[in-house]
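Here is a short report on one structure. Please look at the sequence and the model first, then read on.

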Amino acid sequence: MHLIERDKELVLLDRLAAQSFAGQGQVVLLTGAPATGRTTLQQACAERLTRHGALVLHAGCARLERSLPGGVISQLLHSAPLPEPFDEPIAALLEAATARATDHDDSLPDTELLRLFDQLCVHLRRLAAARPLLVAIDDIDHADDTSLQFLQQLVRRVRTAPILVVLTDDERYGSASPFLVELHRQPHLHHIPVTPLSREGVRELLHQRTDEADAARLTCEFYDATGGNPLLLDALIQQTHETAPRSDRYGPAFLSCLHRSDPLLLDVARALAILGDGVKRVSPRHLVNAEAKAVERAQYTMAAAGLLLAGTFRHAAARKAVLEHIPGESRSLLHRRAAHLLFDSGAPASTVAAHLLAGGRKPLAWAAPVLVEAAEQDRATGQKTRAAQYLELALQAHTEPQEIASVRARLSRIEWEIDPALATRHFAALLTALRQDVLDRRDALVLVRQLLWHGRTEEALAALNLVRGNAERHPEAGAELRDLELWLAYAHPPLARRRAPGGSDVTSVAPMADPWLHSTATMANALIRGQVGEAVDRAEQALRDLELGRHTDWADETALIAFVSLTRGDRLHVVADWSPRLGERAGRTASASWQAVLALTRSDIALGLGDSAAAVDHARSALVELAPKAWGIAVGLPLANLILAYSRLGRFDDANAQLTLPVQDSMFQSRYGLSYLYARGHYHLAIRHHHAALADFLSCGELVRGWGLDAANPVQWRAGAAEAWLRLGNGDQARRLASDELTRAGSGDARGRGTILRVLAAAGPVSRRPQLLTESLELLEDCGDQYEQARTLGDLATAHHALGQNRKARVVFQRALHVAKVSGAELLHHELLSVSSELGETFTANGDADRLADLTESERRVAALAVMGYTNREIAAKLYITASTVEQHLTRVYRKLKVSHRRELPSELSWRRASRPRASAS
């Protein structure tokens, strides 16, 4: 075999072998750290001498066989067939010596055993005279005492015999066995140290085992990872030819190095692995049951073997492998001891807490503040799961009710950031703490919000009454309570204490209060009073603060109401700018609810711009960030967006699927329920359940007025109700509601005003429609709502046609079709086509036109309305024909298109000349 960087050693061994076989016996001691190549060098020597006719007797010592008397001698003398006439006498002497050693008391010298050993030596000398002899023993430090006695006698007797003795030893720094002490007194002993490979040696080995490019590329990396240790190098080189990570072989090889030497090396390695970076503060000797000097020797040996560099592992895989192979209870005990030592040394809380967590048992009282501090640090850096684990452990360490309540409140908030549904398990304990007056008032305010989020209204009211009672006893809590009441008045009006009409109730923030609660309260108050401009100003300031400040428990509510304020003030472009900025600012530290709010906001933006498909995507993302259960009653917001967007897209089955999801009754006692009812009303309008739609919109109105939120105008219920009245043929009611909406306080936002003007135009005389619709269109263009623009353009085209202005009608109608198509409002696009009359040219979608060519104009009209979900009776009313005629047309259509049901009709159906719709259906 060709050995790297071992040429000098092999030359020396060859010279010593020549001297030995010339009758001047020599003894060689190969020493070195574990896995540095001592055994390989010894084997290379044996192979070379075998080729030159020498007889090789070999033995390998093992720690487990130290208690076997004569085990090494037996292995040595049975390692190769002995020639006659030496075989039988040597075997007899070996048997007698082994039996004697087994029965002898080691505390007394045994002359008979020494005599037997002497005779063995004589026979070996005679054997060597006939054929040169190599005695090779590996890991002599693990040999049994009986064998060492024999070897001492043999070593003294080889000086004048053709015998070469080659021993290997894990010679440890500052330590030597009595055998080695005696061995070093022999003048014919030659000590050959075996060291790890140099960097150049690593390069040469890589060049042998890989191609030249890999050798050049990997030399530095492999040398740094192994320190030139051949066993570790071999593991890494083998891994270069496999797809698995290099650590897969490195770790086991590292453990193999440790197991080859003194058990203390493994103990020290375990201590180093447990301490990690903490070794800079705490010596591993404090975790090892051994003397300080013994631990120092073990570290020296490991460094000499290339296993350590500057007192730490060279490769992360080494620490991982050592940790994984520490028995469970031993590992936990080491972590607990390390935690205490590191705490005493002043280590950071995060370092100590990690060991306490790994310790796996109830910590002592001193550990609780450390765990809480570490949890807050991890929460700030986004490590929320680990922060929650620290607080779980801290709960076990505390005994005082107030401290337990404080830690549990922290734990509840962190789990809320992970998933609001997780926090519910703490509600009962926190309510008990609040009743016992051991829960901090800020924690109590957060508890009220969390209970309301999950629809637990009765418990929230009980907590709220306790908070109110506490504020009466402690005036310093009054400012925070007033902020909470203002938020309640907007988000959960039935629970808020009634305020004087028009009162501002805006307070300065208390020194220790949550600033985001105060910011939320001021925006909510401005919205309630209908002061949209003030709400917008405060919202923009709040978003600037959110971008720069630290987020707390009310930050996501602040963002939500800020976006509502900006949307209410027709500042969708501002919302669109801030949403990604806040997402980037929060990054991976953001809570799940924060990410969900931002996704919901993007859905709101898309709806406001008339992009229903994007609104669906973002609303679904919001429900991915937070599952419906985690959204609590606020799930009404993303569900409302989905219902409304699906309805505009004509995806009624999808919209209905959202409506079938279970929601809590308590949702309808909050603003979230208003959004849900409003969206459901529009769904009912889309599927022509006009009475149901009217009921939903009027329910919204009753709630809004009963809660005192008419000025806030959280939903445009009057516009929805007016449209439903129009569909039911009651123009008077529609005009009354539309007029009320235009004249009421706070109705100045462009989108709301543009929408209600369109409804008012449809309810009024044809002669006034162009003027009202033109004003509506201008407002809607300003706010960028393409969906409402398309609806207004369609009504305007119909109005021009009714007034005989056909040229204008065609131009406006073309624009309405274009805007509807661009905005993705497929239902509206098809509906415009279905009532196009003489307004435009043929518009057939990108389907198979040949497939529809066989249909007559009348059949196409009927089929197009059937595709959009109209009943036979409604189709008959629109086309001024009988229901029987509709049925006949559909029967022929089914036969020609080879379908059996209206659901199978192609969506691209349209016709050239359809009849103008009735005014009440606009």
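## Two helices side by side

A crossing is left-handed if the near helix is turned anticlockwise from the far one by less than a right angle. In this predicted model, the crossing of H31 and H33 is left-handed. H31 covers residues 636-649 and H33 covers residues 671-686. They pack at an angle of about 15°. Their axes lie 8 Å apart. Angles under 35 degrees count as roughly parallel, so H31 and H33 are roughly parallel to each other.

Which residues of H31 and H33 make the contact? H31 supplies Gly636, Leu637, Leu639, Ala640, Ile643, Leu644 and Ser647. H33 supplies Tyr672, Ser675, Tyr676, Ala679, Arg680, His682, Tyr683 and Ala686. By type, the residues of this contact are 10 nonpolar, 4 polar and 1 charged.

## Salt bridges within a helix

The whole structure holds 50 salt bridges. One of them joins arginine 115 to glutamate 112. Their closest N and O atoms are 2.3 Å apart. Both residues sit in helix H5 (residues 111-130). Being 3 residues apart there, they are separated by about one helical turn. Arginine 115 is partly exposed, at 38% relative accessible area. Glutamate 112 is partly exposed too, at 29%.

Glutamate 324 and lysine 320 form another salt bridge, with 2.8 Å between the closest N and O atoms. This pair lies in helix H14 (residues 316-324).

## A salt bridge between helices

Arginine 413 pairs with aspartate 443 in a salt bridge. The closest N and O atoms are 2.4 Å apart. Arginine 413 belongs to helix H19 (residues 401-418), and aspartate 443 to helix H21 (residues 441-453). The pair therefore ties together parts that are 30 residues apart in sequence.

Is this pair buried or exposed? Buried means under 20% relative accessible area. Arginine 413 has a relative accessible area of 11%, so it counts as buried. Aspartate 443, at 13%, is buried as well.

How values were computed. Residues are numbered from 1 along each chain as its sequence is written. This is a predicted model: local features need pLDDT of at least 70, side-chain atom pairs count only at pLDDT 80 or more; totals for chains, interfaces and linings use all residues. Side-chain values use heavy atoms; hydrogens and water are left out. Axes are lines fitted to C-alpha atoms, for helices over the stretch in contact, and angles run from 0 to 180 degrees between N-to-C directions. Helices (H or I, at least four residues) and strands (E, at least two) are DSSP runs, numbered from the N terminus. Angles under 35 degrees count as roughly parallel, over 145 as roughly antiparallel, 65 to 115 as roughly perpendicular and the rest as oblique. Contact means heavy atoms within 4.5 Å. Ala, Val, Leu, Ile, Met, Phe, Trp, Tyr, Cys and Pro count as nonpolar, Asp, Glu, Lys and Arg as charged, and the others, Gly among them, as polar. A salt bridge is a side-chain nitrogen of Lys or Arg within 4 Å of a carboxyl oxygen of Asp or Glu. Buried means under 20% relative accessible area, exposed over 50%, partly exposed in between (1.4 Å probe, protein chains only).
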